[in-house]
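Please consult the sequence and the coordinates alongside the text.

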Amino acid sequence: MHGLTRLACAVAVGLLAGCARMAPPPGGPSDGMPPLLISTIPDSLRVLDGFDGWVEFKFDEIISEGTQPNFGNGNGELERLVMVSPSPDSVIPRVQWKRNRLLVRPRDGWRPNTVYRIELAPGIRDIREPSNVSTQASVITLATGGSLPSRYLIGRAVDWGTQRPVPLALIEALLLPDSLPYRTLADSNGRFAFGPLPRGTFLVAAVVDQDRNRRRGGKESWDTVRVGMATDVVGEIWAYPRDSTPPRILSAERVDSFTIGVVLTQTLDPRFALPADSIRVVGLPDSGTIGPIGALPQPAHDSLYRGRGGLTPAKGPDDTAAVKADSAPPPTTLPTTPTPAVGRRTGRGASTAPPPDSLEQVRVPLTTRLMVRTAGIVQSATSYVVELHGVRTIGGGVATSLRVRVEGRKPPPPKVDSLGAKRDSTAKPRPDSTTGKPPRR
């Protein structure tokens, strides 16, 4: 009897364990589909006076909570997929996992008479098949009072450094004068149609979010465009590095007979021009100056002296055949580059628009290379010391003083006769030291 009781208990425990296991039955077909969003609570585009609940995203199956828990620091796997705006970028929304539901609300609660935008990015995983990842995004817009918004901001994020659109760029729209920040992500081509948003003047920023933390980092590239109430077209936002650290010199070399190229650790301001009185170039060992006449970022230097746009300059001629035009001093300001129109008029007044993936603007490429121009010839076999004062980067960093040595080209070693010195057949042989007699031939 006791044996039957123990057997029954063992069977019951086994059944309970089998019921608690969240896994497909053995031998069943594998689930090859990612979780599908089937509903949201509340519905989007609603005015909910005094709303104080949770926003809910419901899926057709149990979703994964992820390997990183949600502790309110923005590093949780589900926290990284949720953006609630308006809210400061330092405030992480509250996110709760409820099997097949994801609950979201602002950490400081819902403000009255405010338009909220809750965006869930792609990345939700199947708990049984983590490789099944949702590519579906969802946005819920609700108002806690007032009227529904209807405005959309349309534009594109471009990385000035690469001159290419920025996939998944972070887009921030700051509503003025209240300074309420709204956030979204650009698509794979850097484009965004951001809304619905309330009416007003916005300061729209595009951020190259390198660490994917949905926040603007101190050294990440970004820029802003002010958009008034009269238009919804933001246009292209060209993001550039905002690192304000003073630059340092990485390397320097002779480029041609009148140019020394200096490579810096930070990106230069493309409008920057260093005057002659901020430069010193002296030859070694006598420390005689060769008359610096200015320094420009490489694209501006090449455009001025080479006549080849922003192409990398070819190596200069020999010291004895320098071109007279090379001695012309650089301008104190950079030439402006005209911005072409989005389209151009043809025959009967039709407008020819650019291709969908082409950039509307043309800007001078960014560089970390500063070209120092001299009046005297930069001898290839001579070493020089270059001193620069007041070099400014595009991020606002200024180096008070920089100094670098440029090594001259060493002369080639003398050629050695591979056949060896030939013996002089007319020379008399030396006598043998032991016998005193000449050696036999």
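Strand β21 (residues 292–297) pairs with β24 in the antiparallel sense over 5 bridges; pairing requires that DSSP finds at least two bridges between two strands. Strands here are DSSP runs (E, at least two residues), numbered from the N terminus. The model is predicted, with local features needing pLDDT of at least 70 and side-chain atom pairs counting only at pLDDT 80 or more, while totals for chains, interfaces and linings use all residues. Residues are numbered from 1 along each chain as its sequence is written, and side-chain values use heavy atoms, with hydrogens and water left out.

Strand β18 (residues 259–264) also pairs with β24 in the antiparallel sense. The table lists both partners of β24.

Buried denotes under 20% relative accessible area, exposed over 50%, and partly exposed in between (1.4 Å probe, protein chains only). R369, M371 and R373 point one way from β24, whereas L370, V372 and T374 point the other way.

N213 is partly exposed, at a relative accessible area of 29%. A polar atom of the N213 side chain lies 3.1 Å from the backbone nitrogen of R215. N213 and N75 are 138 residues apart in sequence, yet their C-alpha atoms are 8.0 Å apart in space.

Notes:
Helix = DSSP H or I, 4+ residues; strand = E, 2+ residues; numbered from the N terminus. Polar contact = N/O pair within 3.5 Å; in protein donor to acceptor, adjacent residues only side chain to side chain.
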